[in-house]
Amino acid sequence: MAATADTVIIGGGVMGCGIQFNLAKRGMTSTLLLERDVLASGSTSRSQAILRMHYSNEVTATMALKSLDVFRNFEDVVGGPSGYVQTGYLLIVGPDDQKAMADNVAMQKRLGIDTDEVSASDVSEIAPMVATSEGEAFAYEPQSGYADAYSVTTGYAAAARRLGATIRAGSPVTSIEITGNRVTAVLTADTRVETPIAVVAAGPWSESLLATVGVDVPLHPLRQQVIMLHRSGDSISNHPIIGDVVQDLSARPDVGNLTLADGAGDGSKEDPDTYNQSVDMPVVEKTFTKLVARVPAMEDAVFQGGWSGLFTTTPDWHPILDRVEGIDGLYCAIGFSGHGFKLSPMIALAMSELITEGKGVTIDISMLTLKRFAEGKQMRSRYAMQVLA
Ligand SMILES: Cc1cc2nc3c(=O)[nH]c(=O)nc-3n(C[C@H](O)[C@H](O)[C@H](O)COP(=O)(O)OP(=O)(O)OC[C@H]3O[C@@H](n4cnc5c(N)ncnc54)[C@H](O)[C@@H]3O)c2cc1C
């Protein structure tokens, strides 16, 4: 294992691997990624991996748009499959959110996103299995879909390796060495790797890791459950991704006549080492009831199990993409708040630009600093369903 590296990346989820690939593309190939477990073993492998572009802010909508292009052309841009499947994304809101939705759709169209407000009768053509009610409003994105988070992460890792980067799994970082006011090394139990740059991309473990160097970040890992339902042959063969703000539900199809629907936990702050990784039957029942209300033909669907993962939320449900003030060479890409996968190609690119050029060039990320929370410059979502940040 190299004892020196130009940059050490801590965490082998989609963000860490994507950042390492983008650094290598920019010519920084002497990098080392340290992963405590195996690649994609954190939030990434638990993701529903939905790719939609409906957001409340230009920065996230732009990232989602440009990232979708990477997912669609992953073979050429990175190498290997992304598993992108185009399903369309149908957003459903109630009367209180109609203006928010219309404003978001107008903003998204200005950015070049293929989206439109649609009527209930349009919905009955686009997605005849979806039940609608008086007072609801709808937006549809035909290009949206889902991808395979494991393939994307390992695709980035393989491409980074081909460009000369090094990855070591099974290597938990124990601390970051700071001398004076700058990063000098990253330490594991058995190795000291000299480096001037450390990038923390450790998902829900980031708060405790950064605390070891006195950096306090406002992260609140929340448990989120993914419930698998098998649609029987007599019910529907497919459906678009449904973002149901009225019921606080999202559901996406998967191969083998499966639907993956989500359900929240109890909102407690979770420990990534000890949280309950299975699903709760009361949440399964509640989610199933909501889904059947929206897609009545799902009533004969069969529960096939599920899993839980962690949304690493920040107070405004936007990530922190920053260099840490007061410690030269320390960067963080954290707090993806349950919607980072769809943004990951642009986040990884922007982080590589921040590290090599001092700022996000392709996309301005200057509003996503850590200090925004202390300065009262938090981002705002137009919806109560904050994951639509
Ligand atoms: C249930 C669920 C559903 C989701 N659905 C969607 C969705 O539909 N669409 C979407 O866009 N996003 C979704 N997300 C969010 C998305 O998956 C995450 O934002 C994204 O995967 C975060 O990636 P990451 O690399 O930052 O974190 P992680 O994947 O958690 O990676 C962090 C890595 O760091 C490693 N690590 C931690 N500490 C150390 C250490 N000390 N030393 C070395 N390595 C360390 C961990 O083992 C882990 O592999 C969902 C998330 C969950 C949990």
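**Entry 1**

I looked up the pairing of strand S10 with strand S11 (residues 182-188) and found six bridges, the two strands running antiparallel. The model is a predicted one, and I read every entry here with that in mind. Within this pair I noted that Ile178 stands opposite Val183 in S11.

**Entry 1: the S19-S20 hairpin**

Next I went to strand S19 (residues 320-323) and strand S20 (residues 330-334), which run antiparallel and are joined by four bridges. Ile320 has Ile334 in S20 as its bridge partner. I counted the connection as a hairpin with six residues between the strands, and in its turn Gly326 has a positive phi of about 90°.

I also asked which residues of S19 are buried on each side. Ile320 and Asp322 are buried on one side, and Leu321 and Arg323 are buried on the other, so both faces of S19 are covered. In a regular strand the side chains alternate between the two faces of the sheet.

I checked two residues for their phi. Most residues other than glycine have a negative phi. Ser337 is not a glycine, yet its phi is positive, about 55°. I placed Ser337 in the loop between S20 and H9. Ser337 is buried, because 22 other C-beta atoms lie within 10 Å and the cut-off for buried is 20 or more.

Ala40 also has a positive phi, near 65°. Ala40 sits in the loop between strand S2 (31-34) and strand S3 (50-51). With 24 other C-beta atoms within 10 Å, Ala40 is buried.

**Entry 2: helix H1 against H9**

I turned to helix H1 (residues 14-25) and helix H9 (residues 344-357), whose axes are 8 Å apart and which pack at an angle of about 50°. That angle makes H1 oblique to H9. The crossing of H1 and H9 is right-handed. From H1, the residues in contact include Val14, Met15, Ile19 and Leu23; from H9, they include Pro345, Ile347, Leu349 and Ile355.

**Entry 3: helix H1 against H6**

I looked up the packing of H1 with helix H6 (residues 149-162) as well. Their axes come within 8 Å and cross at roughly 30°. H1 and H6 are therefore roughly parallel to each other, since angles under 35 degrees count that way. H1 passes H6 in a left-handed crossing. Among the residues that meet are Cys17, Gln20 and Ala24 in H1 and Val152, Thr153 and Tyr156 in H6. The contact of H1 with H6 divides into ten nonpolar, three polar and no charged residues.

I noted that Val14, Gly18 and Phe21 of H1 are listed in the contact with H9 and also in the contact with H6.

**Entry 4: Asn73**

Is Asn73 buried or exposed? Asn73 is exposed, with 12 other C-beta atoms within 10 Å. I found Asn73 in the loop between helix H2 (58-72) and helix H3 (74-77). Its C-alpha atom is separated by 21 Å from that of Pro253, which is 180 residues away along the chain.

How values were computed. Residues numbered from 1 in each chain as written. Predicted model: local features only at pLDDT ≥ 70, side-chain atom pairs only at ≥ 80, totals over all residues. Axes fitted to C-alpha atoms, helices over the stretch in contact; angles between N-to-C directions. Parallel < 35°, antiparallel > 145°, perpendicular 65-115°, else oblique. Left-handed = near helix turned anticlockwise from the far one by under 90°. Contact = placed C-beta atoms within 7 Å. Pairing = 2+ DSSP bridges. Nonpolar A, V, L, I, M, F, W, Y, C, P; charged D, E, K, R; others polar.
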